[in-house]
Amino acid sequence: MHEYSIVQSLVDSVEKAVWRTGNPACPGGQDPARPGGQDPACPDRQDCLSSTVHRIHVRIGDVSGVDAGLLATAYEVFRTGTRCEWAEMVIERVPARWECPRCATVIAAGRALRCPSCDQPARLAAGDEIVLQRIELEVP
Amino acid sequence: MCQDCGCGDVNLVPIDVQMRILSRNEDVAAHNREHFRKRGILSVNLMGSPGSGKTAVLEATARALGGAQLGAVAGDLATDNDARRLQAAGIRSRAITTGQACHLDAEMVHHAMHHFDLDGIEVLFIENVGNLVCPAVYDLGQAVNVVALSVTEGEDKPLKYPTMFAKADMVLLTKVDLLLHLPRTRIGAIEESLRQVMPDPQIIWISAYEGVGVDRWAEWLQQQKKRLALERLEEVTA
């Protein structure tokens, strides 16, 4: 059960994303030279960095090694007291897709992972994602 | 939005992030990989179920290759028994006791390297915690992934843990000496399961106890070392 450590990394990623963005409503946030919240001289810096995260969207591949159900449970337990405390998590599961690297034929589930026509070892084209896709911030 | 309590509406602003959640681990893993690569060390992430024979394979490897050029860090929840066994086999070893953690991560390996003398080491084994699930998720900075799968674990084991096997460069089918006592286990069926989850299955049958297959395994390691050396050479001359 490594989903707890995934949640820790997830919360860190959300924190990093909020820091990077600051408050999108902050005039400084629109200025690439002075991204909201990152300018220590800005008097509203604290406001910028205290944006509430309303919702987060993650993508979890079916062969990523992370179980979406366990991740959701771990998230409910461990988000308390973090930036994600009030943020609902939406998980988009990504099915595994194995393809031939040469002709892009998709290998059907349950078959040997080798292209029937080119005899090439298949390549995982999708399904190993563990990605924070999008966050939604609450702006007054 | 809210009509009742006067709390005031909030605007929701979507921010596109597209961040790999394990990016921190991946950064440390890249650092480890570079550390090993610069020193010409082949780093092997050895994974498998508890009791699949990971430590026994390494003991047999030391008997075949001589322990002097081999190093190992062994992850274990509670003991340093494996590291002591490897040390006794002549492999320079160090335990990583993970407590409750079910896998090694790049940071643990990085930390262990601060206390590990790599002088003269050509192959460094990172013996992961016995577990077919969690270790598959964490890049440690290895050059190759190897999974030990014992013939007693069931013919369809690879189908139950596809992520682990999909990432393996080599599967060591261990304890083949026990097949004599397992009339219902068909080794062909295990290999067929592996073909459904591994794009390019490399499989060696091994009995660490009887020394069967260890020479082929040692030869595969030498090939991987050569491949790494060639890659470095191409890089230097490019």
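Predicted model: local features only at pLDDT ≥ 70, side-chain atom pairs only at ≥ 80, totals over all residues.
Two strands count as paired if DSSP finds at least two bridges between them. Strand S5 of chain A, residues 130–139, is joined to S1(B) by 8 bridges, and the two strands run antiparallel. One position shows the arrangement: Glu138(A) stands opposite Leu12(B) in S1(B).

The sheet as a whole is open and has 4 strands, in the order S2(A)-S1(A)-S5(A)-S1(B), with mixed pairing. Its edges are strand S2 (88–94) of chain A and strand S1 (11–20) of chain B, each of which pairs on one side only. From one strand to the next, the twist averages 20 degrees. Helix H3 of chain A, residues 68–78, lies across strand S1 (52–61) and S2 of chain A, and runs at about 170 degrees to S2(A).

Next comes the interior. In soluble globular proteins, nonpolar side chains tend to be buried together. The largest nonpolar core here has 97 residues, and those that touch the most other members are Val14(A), Leu132(A), Phe165(B), Leu172(B), Leu173(B) and Ile206(B). Helix H1 (residues 3–21) of chain A supplies the largest share of this core, 7 residues. Leaving aside residues up to four places away in sequence, Leu172(B) touches Val57(B), Val146(B), Ala148(B), Ile204(B), Ile206(B) and Trp217(B).

Chain B can also be viewed by itself. It has 8 helices and 8 strands, and its C-alpha trace spans about 80 × 50 × 40 Å along the principal axes. Of the 238 residues in chain B, 46% are buried. Among its contacts between residues at least 6 apart in sequence, 74% join residues at least 24 apart.

Methods:
Residues numbered from 1 in each chain as written. Chains lettered and ligands numbered in written order. Core = buried A, V, L, I, M, F, W, Y, C linked by C-beta atoms within 7 Å. Buried ≥ 20, exposed ≤ 12 C-beta atoms within 10 Å, placed from the backbone. Contact = placed C-beta atoms within 7 Å. Axes fitted to C-alpha atoms, helices over the stretch in contact; angles between N-to-C directions.
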